[in-house]
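Visitor: Hi! Could you walk me through this structure in plain words?
Guide: Happy to, so let's bring it up and go from there.

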Amino acid sequence: MAEAPLLDVKRLEAWYGESHVLHGIDFDVRKGEVVTLIGRNGAGKTTTLRSLVGVVGKRRGACIYKGADLLKVAPHKVARLGIGYVPEERGIFSSLSVLENLLFPPAWQAGGMAVDEIYGLFPNLKGRDSTSGTRLSGGEQQMLAIGRVLRTGADFILLDEPTEGIAPVIIEEIGAALRILKDRGMTIILVEQNLRFAASIADRHYVLDQGKVVDEIPNHALDANMDRLNRYLGV
Amino acid sequence: MTDIFGVPIAVLLGQLLLGLINGSFYALLSLGLAIIFGMLNVINFAHGAFYMLGGFAAWLLLSSLGLGYWETLVIAPLVVGALGAVVERLFLKRLYRIDHLYSLLLTFGIALMLEGLFRHVFGAAGKPYPIPPSLTGGINLGFMFLPMYRAWVIVASLAVCLATWLAIERTRLGAYLRAATENPSLVQAFGINVPLMLTLTYAFCVGLAGFAGALAAPLYQVSPGMGSSIIIVVFAVVVIGGMGSIGGAIVTALALGVIEGLTKTFYPAASSIAVFVVMVLVILIRPSGLFSREA
Ligand SMILES: Nc1ncnc2c1ncn2[C@@H]1O[C@H](COP(=O)(O)OP(=O)(O)OP(=O)(O)O)[C@@H](O)[C@H]1O
Ligand SMILES: [Mg+2]
C-alpha cells in the first residue's frame, strides 16, 4: 500500500460571507511533490490555499495534514505545523523594513534557512535590509515573500501565483530557486496560470473550475492534453 | 529684561511648565488611544474613564490598604490593565467584525457607566492624595522654582512614552504589532496569536491610562469627572497628530500642552479653546492629521 499523502483534501467547501465559493475540492499532495492548481480567474485557487491556512474562516470538509485536520486547527497554529504561506498579494508589510519582513515569521521548526542562505537564493534582496518592504519591485517583493517562509523551517510551501505580473528574468530566477527547494525535498502547492512555468517544475497538475477539481494531469502528459487544458482555461 | 510682552519671565516659565505637565498626561493618554485605534480599529471612548480608574485605584490603595505611592504606581496600572483585558475579551472582541460605530458606542457607554458608578459611590467631590515624601520640595533653578513632583511627572511620562515607542518601532514584538495593523490575518497565518495580541495591546494601553491617572492623583484631586474633562482634549490631540501615528501622538501632545500654557499666559480667555482652534486649522489643511502616513 502506498504511503499516505502529506496533505489529503476531501470535499473542501468554503464561503465568503454568504457566497459559496468552493463546492467540494478533492486533491492530495505527497511528500516532496510539487503540485499545481490551475484554472481560470475566479476558479477558487486562492480560496483553496486560504482555506488551508485559515485565512478563510467558513469552511467544511477535511484537510488532513500529517494526521491533523487543518480545518480544526486554530488559524495561528497552522504555521507551527511547518506550513509556509506565500499569498497572492505577496503580503509584504510596508511598515517593516526588508530585513524585518524577512525576520518576521517566527521559526517554528528546526531546519529553516539562515538569512545568508536566503540571500544566496535571491541575491536581489542583498544589501536592501533597511529599505521599506514595499519599496522593492514586484519581483523582489515576491522573492522576499518566498524567502521569509523559508526561514521558518516550513517544509510545505503554498505559493499563490509567484509569477503574476513579474518580468521574465525574475520569473527565471524564481523558477531556479523553486527547483533548488524541490531538490531539497520541499513539498509545494503552486497556484499558477503560466503553464510553461508550471510545467518546468511540477509533478502533477489539478485543474479547478467553479470551485471544484475537474481534472488531474501528470506533468509528463501535459503536452498530450493541451487541447483539453486550453478548453478548461478558456484560452 | 525680565518681561516678555509685559509678562514676567518667571510667570511665563511657570505656565510653560504647567503646559508641559498637561502635555505629559495628554501624551500618555493619546499614545494609548493611537495604538488602540491602529491595532484594534476601535475609537476608545472609555480611555478617560480608565484614567479616572487609575486615579481612584491609587487613592483606594492608599486610603484603604495604606499602600505607599511607589507600590501604587505599579499596582494601579496593573489593575486597570486587567480590567481592560476583561472588557476586550468579553465585549470589544465581538465587535471587530462589524461597524466601528458599535465599539464606539460600547466604549462610550462604559465610560458613562463607570463615571456614574464612581459618582454614586464616592460622590463628585475630589479626593486629595498627598505628594509622596520622597518627591516633596523642589529645586531652585535660579529663574524659577521647580517642584520635585512636577519634574518627576514629566520625566516619568516621557520615559514611559519613549519606552513604548521604542518597543513598537524597534523590537520584534513591535514588528508583530505593526504588521498586525496592516494585515492581521496574514500575521495569524505566520503562527502569531493575533487575538491574544489584541487583548494584551488593549490591556497595555488602558494600563497606560491607569498609570497616568495614578501619576495625576497627587497633582489634581481624584474625582469621577477627571477622565471626561481630559479626554476631550486628548481626542483633539489624536485628531491633530493623525489617528494611528504613535510618535505623532507623543509630539503633538507635548506641543499642545505647551501651546495651551502659552495661551494661558498671553491671552487667558482663549486657553481652553486653543487646542480646538489648532484642531480646526489642521482639519482644514491636512484632514488626516499632521503625522499620518497618507498625505
Ligand atoms: N474576499 C472575497 N469576498 C467575496 N468573494 C470573493 C473574495 N475573494 C474571492 N472571491 C470570489 O471567490 C471566487 C474564487 O476566487 P479566488 O480568488 O479563489 O479565485 P482564483 O482561482 O484564485 O482566481 P485568480 O486566478 O483570479 O486569482 C471568485 O468568484 C471571487 O470573485
Ligand atoms: Mg487567485
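Visitor: Is B:E115 buried or exposed?
Guide: B:E115 is buried, with a relative accessible area of 17%. Buried means under 20% relative accessible area, exposed means over 50%, and partly exposed is in between, using a 1.4 Å probe and protein chains only. Keep in mind that this is a predicted model: local features need pLDDT of at least 70, side-chain atom pairs count only at pLDDT 80 or more, and totals for chains, interfaces and linings use all residues. Residues are numbered from 1 along each chain as its sequence is written, chains are lettered from A and ligands numbered from 1 in the order in which they are written, and side-chain values use heavy atoms, with hydrogens and water left out.

Visitor: Which side chain meets B:E115 in a salt bridge?
Guide: That is B:R119, with 2.5 Å from N to O. A salt bridge here is a side-chain nitrogen of Lys or Arg within 4 Å of a carboxyl oxygen of Asp or Glu. B:R119 counts as partly exposed, at 38% relative accessibility.

Visitor: Where do those two sit along the chain?
Guide: Both are in helix α4 (residues 100-122) of chain B, and because they are four residues apart, about one helical turn separates them. Helices (H or I, at least four residues) and strands (E, at least two) are DSSP runs, numbered from the N terminus.

Visitor: How many salt bridges are there over all chains?
Guide: The search of the whole structure finds 14. One of them joins the side chains of A:K72 and A:D69, at 3.4 Å from N to O. A:K72 counts as exposed at 71% relative accessibility, whereas A:D69 counts as buried at 13%.

Visitor: Why would such side chains pair up at all?
Guide: Side chains of opposite charge can pair when their charged atoms come close.

Visitor: Which residues are linked in a network of salt bridges?
Guide: The network links A:D28, A:R30, A:E33, A:R204 and A:E216. Within it, the side chains of A:E33 and A:R30 meet at 3.6 Å, N to O. A:E33 is buried, with a relative accessible area of 9%, and A:R30 is partly exposed, with 40%.

Visitor: New topic! How many residues of chain B are in contact with chain A?
Guide: 17 residues of chain B are in contact with 23 residues of chain A, where contact means heavy atoms within 4.5 Å. The area buried between the two chains is about 1700 Å², and carbon and sulfur atoms give 61% of that. Buried area is the accessible area (1.4 Å probe) that two parts lose on being put together, summed over both.

Visitor: Which residues in chain B lose the most area to chain A?
Guide: B:E182, B:L186 and B:F190 do, and together they make up 34% of what that side buries.

Visitor: What about salt bridges between the chains?
Guide: The count between chain B and chain A is one. B:R178 forms a salt bridge with A:E100, and their closest N and O atoms are 2.9 Å apart. On the side of chain B that touches chain A, α6 (172-182) and α7 (184-189) each supply at least two residues. The most comes from α6(B), with six residues.

Visitor: And ligand 1, what surrounds it?
Guide: 14 residues surround ligand 1, and the closest are A:G42, A:K45, A:T46, A:T47 and A:E88. To count as near, a residue needs a heavy atom within 4 Å of the molecule or strand. A polar side-chain atom of A:T46 lies 2.6 Å from an oxygen atom of ligand 1. For A:E88, an N or O atom in the side chain is 2.7 Å from a ligand oxygen atom, and for A:G42 a backbone N or O atom lies 2.8 Å from one.

Methods. A polar contact is a pair of N or O atoms within 3.5 Å; within protein, one must be able to donate a hydrogen and the other to accept it, and residues adjacent in sequence count only if both atoms are side-chain atoms.
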